[in-house]
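These are my notes from going through one structure. I wrote down each thing as I looked it up.

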Amino acid sequence: MKEIEREKIAQQRYDLIAPIVKHPAENMGRGERYAILRSIAEGRYPNLLPEGKKVGLRTLERYLQLYEQGGFEALKPNMRGRSRKIPSEYLEAAAELKRENMQRSINTIITLLEQAGKVPNGVLKPSTVYDFLVRNGLPVPFFYLLKMANTLNLVPSSGEKSFREMFIIP
């Protein structure tokens, strides 16, 4: 999500709680604040929400709490997720371990990298390493191919060529 979109969402959230924020909390009792929040949630402030949209009372309470704790910046939605790009050094290190010993399994390679401290635990997944090894022409065990074929529903039914005949080049 771009910063402009985050700003826009924060402004919409602020607009929803503005009737309360604009009045000092000392001048307004808790019951009054709650009554205003409830009336916003019930749609009595038609200019605050687009036609047909509703917002829950608890959501408004959360926006107000965020604003009181962190100001306008706290109303911006969090950046989600993490980078999906695995650093190339990690994958190159996995390929190097495979070249050193072609009999090493993918799980063994990942374990060795994690134990050596070259890769943080849980970052490399077997499917990611497998894809990288295949793209770089390194052999992978036959059962990985069979597992992938089963996952993709590519295992032939009786009477058809065997899996080896279909996918393994002689």
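**Entry 1: ground rules.** I am working with a predicted model, in which local features need pLDDT of at least 70, side-chain atom pairs count only at pLDDT 80 or more, and totals for chains, interfaces and linings use all residues. Residues are numbered from 1 along each chain as its sequence is written, and side-chain values use heavy atoms, with hydrogens and water left out.

**Entry 2: the whole chain.** I looked up the secondary structure and found eight helices and zero strands. Helices (H or I, at least four residues) and strands (E, at least two) are DSSP runs, numbered from the N terminus. Along the sequence the pattern reads α-α-α-α-α-α-α-α. Of the 170 residues, 28% count as buried. Buried means under 20% relative accessible area, exposed over 50%, and partly exposed in between (1.4 Å probe, protein chains only). I then checked contacts, meaning heavy atoms within 4.5 Å. Among contacts with a separation of 6 or more, 50% come from residues 24 or more positions apart.

Entry 3: L16 sits in helix α1, residues 3-21. Is L16 buried or exposed? L16 counts as buried because its relative accessibility is 7%. Leaving out residues up to four places away in sequence, L16 touches I40, L48, L49, V55, L60 and Y63. K8 counts as exposed because its relative accessibility is 56%. The C-alpha atoms of K8 and K76 are 8.4 Å apart, and these residues are 68 apart along the chain.

**Entry 4: helix α4.** I checked the length of α4, residues 88-100. At 1.5 Å a residue its 13 residues should span 18 Å, and the end C-alpha atoms are 18 Å apart, so the two agree. The expected span is 1.5 Å times one less than the number of residues. The buried residues in α4 are Y90, L91, A94, A95, L97 and K98. Seen down the axis of α4, these buried residues fall within an arc of 160 degrees, so they line one face of the helix. The arc is that of the directions from the helix axis to the C-beta atoms. Exposed residues E89 and E100 are on the face of α4 turned away from its buried side. The cover over the buried residues of α4 includes α5 (106-115) and α6 (126-135).

**Entry 5: cores.** A nonpolar core is a set of buried Ala, Val, Leu, Ile, Met, Phe, Trp, Tyr and Cys residues joined through side-chain atoms within 4.5 Å. The largest one has 18 residues, and L113, L124 and V129 have the most contacts inside it. The elements giving two or more residues to this core are α4, α5 and α6. α4 gives the most, with five residues. Setting aside neighbours within four places in sequence, L113 is in contact with Y90, A93, A94, L97, K118, V119 and L124. A second, separate core of 16 residues includes L16, I17, A18 and V55.

**Entry 6: the largest pocket.** A pocket here is an open set of points on a 1 Å grid over the protein atoms alone, where a 1.4 Å probe fits, with protein on both sides within 12 Å along at least five of seven lines; lining residues have an atom within 4 Å of a point. The largest pocket has a volume of about 220 Å³. Grid points are joined across faces, edges and corners, and a volume is the space filled by probe spheres set on the points. Its lining residues include L16, L48, L49, V55 and Y63. α1 gives the most to this lining, with four residues.
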